[in-house]
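Hello,

Here is the structure we discussed. Please have a look, and read my notes below alongside it.

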Amino acid sequence: MIDPAFWRGMALGASLIMAIGAQNAFVLRQGILRRHVGIVVTVCAICDMALIAAGVAGMGGLIAAYPRFITIVTWGGAAFLFLYGLRAWRAAFRGAGALQADGSRAATQEMSWQRATGLVLMLSLLNPHVYLDTVILLGGIGAREPSPANVWFAGGAMIASILWFTALGYGARLLAPLFSRARAWQILDGVVGLMMWGLCAGLVAQQV
């Protein structure tokens, strides 16, 4: 029988992970392109699972005791988001082409799986909110569950992460007809650029 803590973990995990952010935007983009979707989804899920496990195991308290760690991640994340946003804006102004019938993007040199992996790792780990929300908040709540309910709680949160990234990555292909037009890509890249710079500004504002 499934422990009620499983459903509590799944509900809280889903509420935290489904917020629109840099990581989700990248998964959505790769899903529309149908490029390295399995790798991107797997990396996102593994990162989330590791952070959830660390939080429930008590790492959240350790991070909270050393705020300098969050400060370093915040500045690193802000710099990365600024550069990633700049890249998105350049693509928006250049107009990088439409989506072809085979799922590739015209007039665009697509990134390798190694580069996609590196980018999604940075988007997943250079985000202070990941540590604040997933490790400290979710992990702290899970750590207060008595054994074995804490394991059920962590499992529920992990399942929510796997389901969300899988649905986002592979469900994004339903938007492919819309992105057969170059203008749609320009709009998406512009929105992503705006989102990245907005997140960057928010991180910088926290430190000044």
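The salt-bridge count comes to one. The rule asks for a side-chain nitrogen of Lys or Arg within 4 Å of a carboxyl oxygen of Asp or Glu. The pair is Arg 8 and Glu 145, with the closest N and O atoms 3.0 Å apart. Arg 8 sits in helix H1 (residues 4–17), while Glu 145 is in the loop between helix H6 (128–143) and helix H7 (149–171), so the pair ties together parts that are 137 residues apart in sequence. Helices are DSSP runs (H or I, at least four residues), numbered from the N terminus.

This is a predicted model: local features need pLDDT of at least 70, side-chain atom pairs count only at pLDDT 80 or more, and totals for chains, interfaces and linings use all residues. Residues are numbered from 1 along each chain as its sequence is written, and side-chain values use heavy atoms, with hydrogens and water left out.

Arg 8 is partly exposed, at 42% relative accessible area. Glu 145 is buried, at 15%. The cut-offs: buried is under 20%, exposed over 50%, partly exposed in between (1.4 Å probe, protein chains only).

Next, Asn 24. Asn 24 lies in helix H2 (residues 22–33). Asn 24 is buried, at 6% relative accessibility. Its side chain makes a polar contact with the side chain of Trp 164 (3.1 Å). A polar atom of the Asn 24 side chain also lies 3.1 Å from the backbone oxygen of Ile 17. A polar contact is a pair of N or O atoms within 3.5 Å; within protein, one must be able to donate a hydrogen and the other to accept it, and residues adjacent in sequence count only if both atoms are side-chain atoms.

Best wishes

Conventions:
Helix = DSSP H or I, 4+ residues; strand = E, 2+ residues; numbered from the N terminus.
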